[in-house]
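Have the structure open beside you as you read.

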Amino acid sequence: MEQTAFDDPAYRAAAVDLLGVLAYGELTAFERMAEDAKLAPTLDDKAELAALATTEFGHFQRLRDRLVQLGVDPMEAMRPFVTPLDAFHDHTAPSDWLEGLVKAYVGDGLANDFYREIASFVDAETRALVLDVFADSGQAEFVVDRVRAAIEEDPKLGGRLALWGRRLVGEALSQAQRIAADRDSLTALLAGSVDRPGLDLAAIGRMFTRLTEAHTARMTALGLQA
């Protein structure tokens, strides 16, 4: 029988952890967007956000199905990430509709960029799934349009939302550090092994530069200072 990357127990544990954290992240994104839709100022906004929530649930289903395909219980794979991700969302609960939109675009965007970076170190099938799941689903255009229109109507909102965006980044980085500390498999995936190259310090620096640049671009698109 032809060997695959999943014959390596360390790699299998890392890939399952990656799919588990992504699946729970998408499940909570669905839940959050459905809840935020209640804050929508118009019926059109409510429908738009509900549609985005449905897309997130579709992503969850695809990640769940991949875990099942690998012979893994999706609920068990997600379980280690419930506490850290729930803590992140508890600490970054939006106070209004606009903060919810910025969180969905900026906070989730930073996390998604990081997971896309990690996807470079997994097998081709898993990588293709991760990249497809995190392709833009129309969220960016919707959020940018609503936030920029709100700031144009009331410029004072810009300062508050910029502070909120910076807070989201700080909380997201703390959450990522906590997950990395708790799950050695994900750290090992980035570090590589004898026959599977990983990131050296210079490459890690370049990765964080890319993450920072992408975050700054999102804030700029919203009309906010990073």
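## A histidine in its surroundings

Which residues does His 59 touch, not counting residues up to four places away in sequence? They are Glu 26 and Val 133, where contact means heavy atoms within 4.5 Å. His 59 has its place in helix H2; helices here are DSSP runs (H or I, at least four residues), numbered from the N terminus. With a relative accessible area of 10%, His 59 is buried (buried is under 20%, exposed over 50% and partly exposed in between, with a 1.4 Å probe and protein chains only).

## About the model

This is a predicted model, in which local features need pLDDT of at least 70 and side-chain atom pairs count only at pLDDT 80 or more, while totals for chains, interfaces and linings use all residues. Residues are numbered from 1 along each chain as its sequence is written, and side-chain values use heavy atoms, leaving out hydrogens and water.

## Two nonpolar cores

A nonpolar core is a set of buried Ala, Val, Leu, Ile, Met, Phe, Trp, Tyr and Cys residues joined through side-chain atoms within 4.5 Å. The largest one has 33 residues, and those touching the most other members include Leu 49, Leu 98, Leu 101 and Leu 222. Helices H2 (43–69), H5, H7, H8 (157–182) and H10 (201–222) each supply at least two of its residues. H5 gives the largest share of this core, 8 residues.

Leaving aside neighbours within four places in sequence, Leu 49 is in contact with Met 33, Asp 36, Ala 37, Trp 97, Leu 101 and Phe 142. Another core, of 32 residues, lies apart from the largest one, and among its members are Ala 15, Val 21, Tyr 24 and Val 122.

## H5 against H7

Helices H5 (residues 97–118) and H7 (residues 139–153) pack at an angle of about 140°, with axes 10 Å apart. Axes are lines fitted to C-alpha atoms, for helices over the stretch in contact, and angles run from 0 to 180 degrees between N-to-C directions. The pair is therefore oblique (under 35 degrees is roughly parallel, over 145 roughly antiparallel, 65 to 115 roughly perpendicular, and the rest oblique). Among the residues making the contact are Trp 97 and Leu 101 of H5 and Phe 142 and Val 147 of H7.

## H4 against H8

Helix H4 (residues 82–91) packs against H8 at about 165°, with the axes 10 Å apart, so these two are roughly antiparallel. Here Phe 88 and His 91 are among the H4 residues that meet H8, whose side includes Arg 167 and Glu 171.
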